[in-house]
Amino acid sequence: MTWTRRHLITIEELSLLEIEQIHSTAAAFKKILGRSVKKVPALRGKTIVNLFLEPSTRTRMAFDMAAKRLSADVIAFDAASSSTQKGETLRDTAENIQALNADMIVIRHAAAGSPLYLSKILDIPVINAGDGSHEHPTQGLLDTFTMKEHLGSLKGRKVAILGDILFSRVARSNIHALRKMGADVTLVGPSTLVPHGFTALGARVSHDLKSALADADVVMLLRIQHERQGHRHFPSLGEYTSMFGLNKTRASWLNPKAIIMHPGPINRGVEIDSELADGERSVILEQVTNGIAVRMAVLYLCAGNQPEHVISSTQ
Amino acid sequence: MPALWIRNARVIDPASKRDGTGDLFVRDGRLVARLSPAERKRARKIEAKGLVAAPGLVDIHVHFREPGQTHKETIGSGTRAAAAGGFTTVVCMPNTSPPADNAGTIQYILDAVRRDAVVKVLPTGCITIGMKGETLAPIGSLKRAGVVAITDDGDCVQSNELMRRAAEYARMFDLPVMDHCQDHSMTEGAVMNEGDVSIRLGLRGWPNAAEDLIVSRNVIISAYTGAHIHMQHISSARSVEIMRRAKADGVRVTAEATPHHIALTDAALSTYDTHFKMNPPLRTEADRQAIIAGLRDGTLDCVATDHAPHTDYEKDKEFDYAPNGILGLETALAVTLDVLVRQNRFRLSHVIDLMTAKPAALLGLPAGTLAEGAAADVCLFDPEETWTYNAKAGASKSSNSPWSGQTLRGRVHATLVDGRIAFALGAS
């Protein structure tokens, strides 16, 4: 089965096979990342523009590193000193980037739907690096990649996603990926941040931490984005921690082999005890490392390459 | 001006309960029962076989953007769009730049109407100064300057106390108070209906509860003050139910529904197309059905377009950043006929009533009838003819319509205002 997709906008629109193709391509790249020479020539001569219009550290660095590992040239678009500050529209900015002969755009934007909008305007591939509260497909892909490394097949596995689901693009991308891969997804947190409407995406919604964590194979914590909530969705960070923070007692409800995940950045002592974040069940830093391989796979495939060629092109 | 003789039309005038094939006669801009043989000989004749002759349509909710935002629309272009859509009387909203919150601005608008309008335009004035919701506008002076209602459309008055005083004060002048029902505290940053679709798309939701609360508030204030409060563009099923009960209780409230809220739902937003972004937002299928039911049983009084022009470059943005609103005037008749007559089996005369006599009566406008002696404001249309709407080629200065490029059924052939042809198909 050949890879035909040029843009990566959502996981919702990916097939299970496409997710598996990205994962297997990422696995091949991950092997290379273990070598002393980590660079492959796959995208030599290509220019990738990182159009990050919203603050990001991890994702931006991972995309940057992924592109460089593939030998692409990377141009970072700095929102603070850029033309968007002078009132240029996103369309004009993007068309200019294309006119500068960029081969691919990676976009992070606070407004949901922006990557789809760009993909309709531009002829070059558009990769969504997070759009508002909508999706963060490479995060969902790297999270499920990490889960598979630890658990094997995700079919029938219990995954609890805990925290601010309403405003989370990470949650949405993971829900879509996990459902396609056959996992059971339970969303848990305060009712104001985990509205019932998420059941329409095929997830269970719970406000009872104990039953949601019981026997879970994975617990994924999401950052409480207090900057987005304006202090209306729950009384205080203190109350949140006391009701929904993951601590040792609560972690004991999980399957003994369960892994603890977090897309970062972490609020230590808020959604997770500091000790747990650094504990042996935590795979938080593995997620970061896998983020490079998964993004290499996405850039590689969307640039028009085929999954089965990875190995030959990396020899 | 020679007399006018419209022949062999299907004349539908709900106000006078007329529905049958016949002729219309116009002398000196007014409808008359008959012309003398000499007048007939000289009369300009319009053959209207196969067409419906209805009263010129009445729209009590349009935005013509003049003064201040004439890059989007002007009174000239807006009224040409109205005429192309069969409308002969429109009521324009005061959220211009500056807002129409004083007699001087109303005078400016009326001067532009006299100079540029091809249909009748009646202004509304603001409820509060600058539509800021803080201080009452000079409502008496606005009335004297010619407004037919007051409204802060787009910016719902949040203070219950101020709304109560506005209603009480406006009642003294017999001025209806029109309200865009939206609790701001519940809709901060909201860009679409709150529900399954907003959850999927990751867009901030505008809960119907924010509309229902203000509709309820307005019912209570109307009952308390006796003032006529009109609810603009009802979009929620519960608001329809609140209106139904209020009317059963005899409260002086009225309400309108837009063609887009009866034709579309929030499912249309799945591609983040800003041509489906408006305020209040498109809601669910259950809401859409409730609005149609409300129009059927009279809970909702009329259809109004909320014609809201924005330029291409303003709409061509990230969904969150694009302005609210779509064009309505040139597609309203076809869309409404399609939804109400073809899909929901309303009688044609009922739909015409909802777009003529009903809105005219709501604001006490001398319009919406083909009765003898009335102004010869007439809409001639073919209810079955299909045509492809191209918003860019339309009369409006803007083209922000979700129906652009679509084939619509029901086409306006001519629009007469005071017996003069304001629009004729193919004669632009």
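In which hand, right-handed or left-handed, does helix α5(A) pass α12(A)? In this predicted model, α5(A) passes α12(A) in a right-handed crossing.

On the side of α5(A) the contact is made by A:Thr138, A:Leu141, A:Leu142, A:Asp143, A:Phe145 and A:Thr146, while α12(A) contributes residues including A:Glu286, A:Asn290, A:Val294 and A:Arg295. Sorted by class, this contact has five nonpolar, five polar and three charged residues.

Helix α12 (residues 284-302) of chain A also lies across β1, β3 and β4 of chain A, running at about 145° to β4(A). These strands belong to an open sheet of four strands with parallel pairing, in the order β2-β1-β3-β4. Both β2 and β4 of chain A stand at the edges with a single partner strand each, so one side of each is left without a neighbour in the sheet. Neighbouring strands are turned by 15° against each other on average, direction ignored.

| Strand | Residues |
|---|---|
| β1(A) | residues 47-52 |
| β2(A) | residues 73-78 |
| β3(A) | residues 104-109 |
| β4(A) | residues 126-131 |

Strands β3 and β4(A) pair in the parallel sense over four bridges, and A:Ile107 stands opposite A:Asn128 in β4(A).

Between the chains, the contact takes 15 residues from chain B and 21 residues from chain A; the side of chain B that touches chain A divides into six nonpolar, three polar and six charged residues.

Note on methods
Residues are numbered from 1 along each chain as its sequence is written. Chains are lettered from A and ligands numbered from 1 in the order in which they are written. This is a predicted model: local features need pLDDT of at least 70, side-chain atom pairs count only at pLDDT 80 or more; totals for chains, interfaces and linings use all residues. Two residues are in contact if their C-beta atoms, placed from the backbone, lie within 7 Å. Ala, Val, Leu, Ile, Met, Phe, Trp, Tyr, Cys and Pro count as nonpolar, Asp, Glu, Lys and Arg as charged, and the others, Gly among them, as polar. Two strands pair if DSSP finds at least two bridges between them. Helices (H or I, at least four residues) and strands (E, at least two) are DSSP runs, numbered from the N terminus. Axes are lines fitted to C-alpha atoms, for helices over the stretch in contact, and angles run from 0 to 180 degrees between N-to-C directions. A crossing is left-handed if the near helix is turned anticlockwise from the far one by less than a right angle, and right-handed if clockwise.
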